[in-house]
Amino acid sequence: MPPIDLKSLLAGAASARSRPYESAEAIARALEAAPEDVEVRLAAYRFHFYGHDYTAALPQAEAILRLAARRLNIATDWQAVGAADADFTAHDFAPGLYLQALVGIGYCAVRMGEADLARAVLTKAGALDPTDRFGGAWLLDRFEAGEDTEL
């Protein structure tokens with residue numbers, strides 16, 4: 001089987017705002033062809049997130065979190081991950097991706113009204129990201145204060 005040309009598959013998603021149906025189709029094809037590719041998952045997450053479809057963005061963020069966990073060689077269940085499991089303060093791709101995905105899950109949960117999930121995930125993000133580089137603790141504070149969390 002020849003290698004999959006992800007750039008070609010995702011090229012149709014480049015006009016997400018002006019051609020949303022074509023973009024959605026391109027992302028669906030890319031996900032079908034390469035469901036374990038982080039770039040494909042990121043494209044799908046961004047497409048749904050920026051379209052404010054948090055229900056569709058959430059499983060993409062969860063998949064990204066799982067892929068990042070594999071790269072870090074840590075548990076794929078975020079609830080089982082502790083601060084000592086990886087260097088989450090490192091400015092490397094995998095730790096940053098992991099924390100961004102965790103905050104993305106929390107944000108989607110906030111927007112979907114899933115308060116328990118939002119609190120749990122954002123609390124974990126704050127524990128793993130002591131400098132709050134990715135804003136999980138900030139978002140949790142805004143959520144708990146009842147402030148509008150639309151970014």
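Biologist: How many helices and how many strands does the secondary structure of the chain come to?

Modeller: In this predicted model, the chain has 7 helices and 0 strands. Along the sequence the pattern reads α-α-α-α-α-α-α.

Biologist: What percentage of the residues count as buried?

Modeller: The chain has 151 residues, of which 45% count as buried.

Biologist: And the contacts: what share join residues at least 24 apart?

Modeller: The share is 53%, taken among contacts in the chain between residues at least 6 apart in sequence.

Biologist: Turning to helix packing, at what angle do α5 and α6 pack?

Modeller: Helix α5, residues 93–112, packs against helix α6, residues 115–128, at an angle of about 155°, and their axes are 8 Å apart. Angles over 145 degrees count as roughly antiparallel, so α5 is roughly antiparallel to α6.

Biologist: Is the crossing left-handed or right-handed?

Modeller: The crossing of α5 past α6 is left-handed.

Biologist: Which residues make that contact?

Modeller: From α5, the contact uses Y98, L99, L102, V103, I105, G106, A109 and V110. From α6, L117, A118, V121, L122, K124, A125 and L128 take part.

Biologist: How many of those are nonpolar, polar and charged?

Modeller: The contact of α5 with α6 has 13 nonpolar residues, 1 polar residue and 1 charged residue.

Biologist: A change of topic: how many aromatic pairs are there?

Modeller: The count comes to 6 aromatic pairs. One of them is formed by F49 and Y50, whose ring centres are 5.2 Å apart. Their planes stand at 85°, and planes over 60 degrees apart count as edge-to-face, so this pair is edge-to-face.

Biologist: Are F49 and Y50 buried or exposed?

Modeller: F49 has a relative accessible area of 16%, so F49 is buried. Y50 reaches 52% relative accessibility and therefore counts as exposed.

Biologist: What about F88 and Y98: what kind of aromatic pair do they form?

Modeller: The pair of F88 and Y98 is tilted, with 5.5 Å centre to centre and 45° between the planes. F88 lies in the loop between α4 (54–72) and α5, whereas Y98 is in helix α5, so the pair ties together parts that are 10 residues apart in sequence. Both F88 and Y98 are buried. Y98 also belongs to the α5 side of the contact with α6.

Biologist: Which residues form the aromatic cluster?

Modeller: One aromatic cluster is formed by Y45, F49, Y50, Y54 and Y107. The edge-to-face pair of F49 and Y50 therefore has both its members in that cluster.

Terms used: Residues numbered from 1 in each chain as written. Predicted model: local features only at pLDDT ≥ 70, side-chain atom pairs only at ≥ 80, totals over all residues. Heavy atoms only, no water. Axes fitted to C-alpha atoms, helices over the stretch in contact; angles between N-to-C directions. Helix = DSSP H or I, 4+ residues; strand = E, 2+ residues; numbered from the N terminus. Parallel < 35°, antiparallel > 145°, perpendicular 65-115°, else oblique. Left-handed = near helix turned anticlockwise from the far one by under 90°. Contact = heavy atoms within 4.5 Å. Nonpolar A, V, L, I, M, F, W, Y, C, P; charged D, E, K, R; others polar. Phe/Tyr/Trp six-rings, centres within 6.5 Å; stacked < 30°, edge-to-face > 60°. Buried < 20%, exposed > 50% of the residue type's maximum accessible area, 1.4 Å probe, protein only.
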